[in-house]
Amino acid sequence: MTEAVSPDRRRVLTAGAAVLGAAASAQLWLPATARAAVHKPLPDGVFSLGVASGDPLPDGVVLWTRLAPDPLNGGGMPNLPVPVEWQVAQDSRFRKVVRRGTAQARPQYGHSVHVDVRGLRPDTTYWFRFRAGGQLSRTGRTRTAPAAGSSGGSLRVALASCQNWQHGYFTPYADMLEQDPDIVVFVGDYIYESVPSATGVRRHEGTGEPYSLTQYRNRYAQYRSDPDLAEMHANAPFVVSFDDHEVDNDFAGEIPQDPAKQPHDAFVARLTAAYQAFYEHMPVRASAVPNGPHIRMYRRLEFGRLARLNVLDTRQYRSDQATSQEGAQDPSLTMLGAAQKRWLVDGLRHSPARWNLIASQIMMAETDLQVGPGKLWFYDAWDGYQAERNALLQEFRRVSNPVVLTGDRHLTMISDLKADFTDPKSAVVGAEFVGTSISSNGDQDQEAFRKEWDPRRADNPHWKLLDAHRGYHLFDIRRSGIDARVRVVDTVVKPEATSRTLAALRVEAGRPGVHLV
């Protein structure tokens, strides 16, 4: 995407302004048959969950909304399909409409709408909106990917993860909006399945953990009501995946965290509900429509010849977690499953891109928790799947500029990736940015964090930056290198915050690893 940023792209579109600007022509852009399609008036506020876009292509993008006038109580829609009109325009006032159509919001998918628009121009900003039952949505803004053969320009990427409603407000998104990324890569823990807490900054809806489809829908709807998250969704396309908390903490495949309390059949039913609710609330293509307790989320997006983004699924196909050092080195354990691993390796080996980005929900670099001799790993991360991780790192030797983008840890952990973490002198084969959380862990005690983690630095010489502030990472990707900034906020326990750049880092093309600027 181009280096210059137009004033239009810097505009912040508010819901009130969008509706006001569209109201005068509301009846003009819909055919009479569509205006008459819904005979009974819909409840007010059908667009309470806002709009979003995602997974941009050079000629298209997914547009999303969900009709939900009573979002925290199942949605509140009649048990009927509802026609939803959509428009895409070259301008925010919709004077130059380039695509339009009608989608069906069906009750079996929570009256969600996923429009896979094609026929758009590469590397171009567009505006979009929906209309149903005489009601207009707010206006959204999105952007297509560069043309397939383009090799210049730049791509601005924001990396986000881990937004716990009860731990704080999603204030980092307000700063992210001002930074105007081309895409937002969200690598997991969009919701948390934890029970409501009376001591939280905000309280989860409901009375317990979600298990049913309605309960998961309500939890997603609550998270979608955060104003900063809603504004970010309306202003840039997201590329999303899930980690564990969208279902159940630390689950692996069809194995829950607590098998003694969740029999297999019950957990399969929970997976089915959780995956469907995830699909219903995310701007993803029809390829992600769940098939019972299965959903296809690993996929690949191209940004010209500048960058290839490989989005992994590190939950659905993994072996159960190891419980010992010996178990973590078992060569039979898999994080990706055979099919996804082949897909990833083939995509890396044959990539035409300058930069090969991998969105991995959990940390790839080693974390040795044991101070002094010996090793103590996090078994839920790639450290628990050593053989597959090490084989993948060997592949990185033959890959053009591999960079891993990760979440999960609620910390900023930026590292060199080593061919062999048992050998401090081993070759550096890539870089990893573990993004901090949007709100999970709240306003962490920095002194206590340093006391716990600084003694481990000597045993993890590949760590380049370690921090516990809340925020996100921002990347400006060009052919010559990636300039990264760690953006943090001073608080998430209040609805407004002050942001700053904690650190700036650089990855040079052709020189594996990362360094502080």
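The following legends describe close-up views of a predicted model.

**View 1. Strand β10 and its covered faces.** Strand β10 spans residues 183-186, and both of its faces are covered. Ile 183 and Val 185 are buried on one side, while Val 184 and Phe 186 are buried on the other.

**View 2. The parallel neighbours of β10.** Strand β9, residues 155-160, runs parallel to β10 and is joined to it by 4 bridges. Within this pairing, Val 157 has Ile 183 as its bridge partner. Strand β11, residues 238-240, also runs parallel to β10, with 3 bridges between the two. Here Val 239 of β11 stands opposite Val 185.

**View 3. The crossover through helix α4.** Together with β9 and β10, helix α4 (residues 172-179) forms a right-handed β-α-β unit. Met 176 makes contacts beyond four places in sequence with Ala 158, Ala 160, Pro 181, Val 184, Met 232 and Tyr 472.

**View 4. The largest nonpolar core.** This core has 40 residues, and Tyr 173, Met 176, Met 232, Val 247 and Phe 278 have the most contacts inside it. At least two core residues come from each of β9, α4, β10, α5, α6, β11, α7 and β19. Helix α7 gives the largest share, 8 residues. Another core, of 37 residues, lies apart from this one and includes Ala 322, Val 399, Val 404 and Leu 411.

**View 5. Confidence along the chain.** The protein has a mean pLDDT of 93, with 92% of its residues at 70 or more. Across residues 1-28 the pLDDT is below 50, and the model shows 59 contacts for this stretch beyond near neighbours in sequence. Residues 30-38 likewise stay under 50, with 11 contacts beyond four places in sequence.

Conventions
Residues numbered from 1 in each chain as written. Predicted model: local features only at pLDDT ≥ 70, side-chain atom pairs only at ≥ 80, totals over all residues. Heavy atoms only, no water. Buried < 20%, exposed > 50% of the residue type's maximum accessible area, 1.4 Å probe, protein only. Pairing = 2+ DSSP bridges. Right-handed = clockwise from strand over helix to strand, strands pointing away. pLDDT = per-residue confidence, 0-100. Contact = heavy atoms within 4.5 Å. Core = buried A, V, L, I, M, F, W, Y, C linked by side-chain atoms within 4.5 Å.
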